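Please look through the sequence and the model shown here, and then read the notes on strands, helices and confidence that follow.

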Amino acid sequence: MTLRWRIVALVAAATCAAAAAVGVLVHHASRDRELSQARDGARTTLDRAAVIYARTGGVQGSGAVLDAPGLPGDLRRLVEEGHQGTEFTTGPGGPAMWAARPADDQVLSVRVDMSTAMRDIGALDTNIILAGLMTTAVVLPLGVLTAERMSRRLRLAAATARRIAAGDLDARISPATRPHDEIAEIAGAVDSMAAALQERLLDEQRFTADVAHELRTPLMGLVTSAELLPPGEAAGYVRDRVRVLSTLVEELLEISRLDAGAEEADLSPCPLGPVLEEAIAGTGLSARLRTGAVEVGGQRDREDTGQRDAPAEDTGQQDVTDGPKVWTDPRRLTRIVANLVVNAHRHGREPVEVTVAADGRTVTVRDHGTGFPDDLLERGPQRFRTGVRERGRGHGLGLTIAVGQAKVIGATLEFGNAPDGGAVATLRLPERPERPESPEPGPIHG
C-alpha cells in the first residue's frame with residue numbers, strides 16, 4: 001500500500017473513530033439524563049402517593065398501584081425487606097422506570113413509561129450515525145487531496161533523486177516556493193546535495209582537463225626527444241612508456257570533452273561491415289567478425305569470418321560492403337568498437353568475437369575470459385578502475401570513453417557476462433531518424 005492510501009485510510013479511520021466516540025458519549029449522556037429524569041419523576045409520584053395512602057388508605061388518582069403484577073422481582077424483594085428503590089426495565093410492556101416502597105403489608109409502586117424517551121434516543125443515535133457519515137464524506141476527500149499533494153511532492157523528490165543518481169546534476173526538486181514542512185526540508189537537502197555534487201564534479205572535470213592540457217605540450221617534447229634516442233633496449237622501453245603516457249593524456253582530454261558535452265556526432269548512413277573491419281584492423285589485434293543473416297536487397301548476407309586476404313570472385317553473392325547500413329558517426333563507432341576489442345584482449349582471453357545481430361543495428365563484442373566484475377555490471381565503468389586482478393591491468397578509461405561516445409551517437413552500451421564464461425559488451429545503434437540531417441548521397445549523373 002502506498003503512502004497516499006495509508007494516509008487516506010488513517011484519515012478515514014480517525015474520522016470514523018472520532019464520530020463513533022462522540023456518538024457513544026452523546027448516547028450515554030442522553031440515556032443517563034432521561035433515566036435520571038424518569039427516576040426523579042417516579043420518586044416524586046411515589047412520595048405523593050404514599051402521603052395519600054397514609055391519609056386515605058387508598059391510592060386512587062395518585063398514579064401509584066398497590067401490589068402491581070408487573071413489578072420487577074428484584075425491586076419487590078427489596079421492598080419486602082423494608083427498603084424503597086427504583087429499577088429500569090425493558091419488558092414486554094416496553095421500557096419503563098419503576099419506583100416502589102412498603103405500604104403496610106403491601107407494595108406501593110409507580111411505573112413511568114419511557115417508550116417515547118427511548119425512541120427519541122434511538123432517533124438521536126441514527127442522526128449521530130448520519131452526521132458521522134457526512135463528516136467522513138466531507139473530511140475524506142480533503143484527506144485524499146492532502147495525501148495526494150504530499151505523495152506527489154515525495155514522488156517528485158524520488159524522481160529527481162533518481163535523475164541525480166543517473167548523472168543529471170542539473171535536476172532540482174523545488175524550483176518554486178514550497179510550504180515550509182518536513183518534505184520541503186528533504187527537498188532543500190537533496191537540492192543542496194545535488195548542487196554540491198555538481199560543483200565538485202565540475203571542479204574535478206576542470207582539473208582533469210587542465211592537467212591533460214598542461215601535460216600535452218611537454219609530452220610532445222618528450223615524444224620528440226624519445227624518438228631521437230639511439231637505438232637500444234633502454235630507448236625502446238622509454239619510447240614505449242612515452243607512448244603509453246601520450247595515450248593516457250589523449251584519453252583524458254577526450255573524457256574531458258565528453259564530460260563538458262562538447263562532442264557532437266556527425267551522422268551519416270554508412271555500411272556497418274567496413275566500419276567494424278576498420279575498427280578491428282586499427283587495433284592491430286585479432287578478432288573474429290561475424291555478420292548474422294540479415295535481409296539486404298532481397299538477399300541473405302553470409303557469415304563473415306574476417307579472413308579477407310584473397311580477393312573474392314564475382315559469384316553474384318553480396319559483399320559485406322553492401323550489407324546492413326546504419327545512421328551513425330563512423331569515426332565514433334570505430335572508436336567504440338576499437339576500445340571494446342582492446343579491452344577484450346587486455347582483460348579477457350581469446351578468441352574475441354565481434355558479432356552483428358540479425359537486426360543489423362546490434363553489435364556484440366565478446367571474449368572468453370573471466371567476465372566483467374560484479375562492480376562494473378552494477379555501477380558501470382569507472383575511470384581509473386579496472387576491476388579484479390584477473391581482468392588484467394590498464395587505466396580503466398577505455399570503457400568509460402566507449403560509453404561516452406555511445407551516448408554522443410545516440411546508442412546504448414550494455415555490459416554482461418556470457419552463461420558459459422566471458423565478458424559481453426552489447427552496442428545497440430539507434431534506428432535511422434525520420435528526418436536525417438543530410439540525405440544519403442545518390443548516384444551522380446553526368
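Strand 2 and strand 3 (residues 94–103) pair in the antiparallel sense over seven bridges, where helices (H or I, at least four residues) and strands (E, at least two) are DSSP runs numbered from the N terminus, and two strands pair if DSSP finds at least two bridges between them. This is a predicted model, in which local features need pLDDT of at least 70 and side-chain atom pairs count only at pLDDT 80 or more, whereas totals for chains, interfaces and linings use all residues. Residues are numbered from 1 along each chain as its sequence is written, and side-chain values use heavy atoms, with hydrogens and water left out.

The open sheet of four strands has the order 1-4-3-2, with antiparallel pairing, and its edge strands, each pairing on one side only, are strand 1 (65–66) and strand 2 (85–91). Helix 2 (residues 73–80) lies across strand 2, strand 3 and strand 4 (106–113), and runs at about 15 degrees to strand 3; axes are lines fitted to C-alpha atoms, for helices over the stretch in contact, and angles run from 0 to 180 degrees between N-to-C directions.

## Two helix pairs

Helix 4 (residues 182–227) packs with helix 5 (residues 233–260) at an angle of about 150 degrees, and their axes are 9 Å apart. Helix 4 is therefore roughly antiparallel to helix 5, since angles under 35 degrees count as roughly parallel, over 145 as roughly antiparallel, 65 to 115 as roughly perpendicular and the rest as oblique. The residues of this contact divide into 14 nonpolar, five polar and five charged, with Ala, Val, Leu, Ile, Met, Phe, Trp, Tyr, Cys and Pro counted as nonpolar, Asp, Glu, Lys and Arg as charged, and the others, Gly among them, as polar.

Helix 6 (residues 272–283) and helix 7 (residues 330–347) pack at an angle of about 50 degrees, with axes 8 Å apart, and are therefore oblique to each other. In the contact (heavy atoms within 4.5 Å), residues of helix 6 including Leu 272, Val 275 and Ile 280 meet residues of helix 7 including Leu 333, Val 337 and Val 341. The residues of the contact of helix 6 with helix 7 divide into 11 nonpolar, two polar and one charged.

## Confidence

The mean pLDDT (the predictor's confidence in each residue, from 0 to 100) is 80 for the chain, and 85% of its residues reach 70 or more. Confidence is highest in strand 11 (residues 362–366), at a mean of 93, and lowest in strand 8 (residues 299–300), at 31. Over residues 293–321 the pLDDT is below 50, although this stretch has 44 contacts in the model beyond near neighbours in sequence. Residues 434–446 also stay under 50, and for them the model has eight contacts beyond four places in sequence. Where pLDDT is low, the predicted coordinates should not be read in detail.
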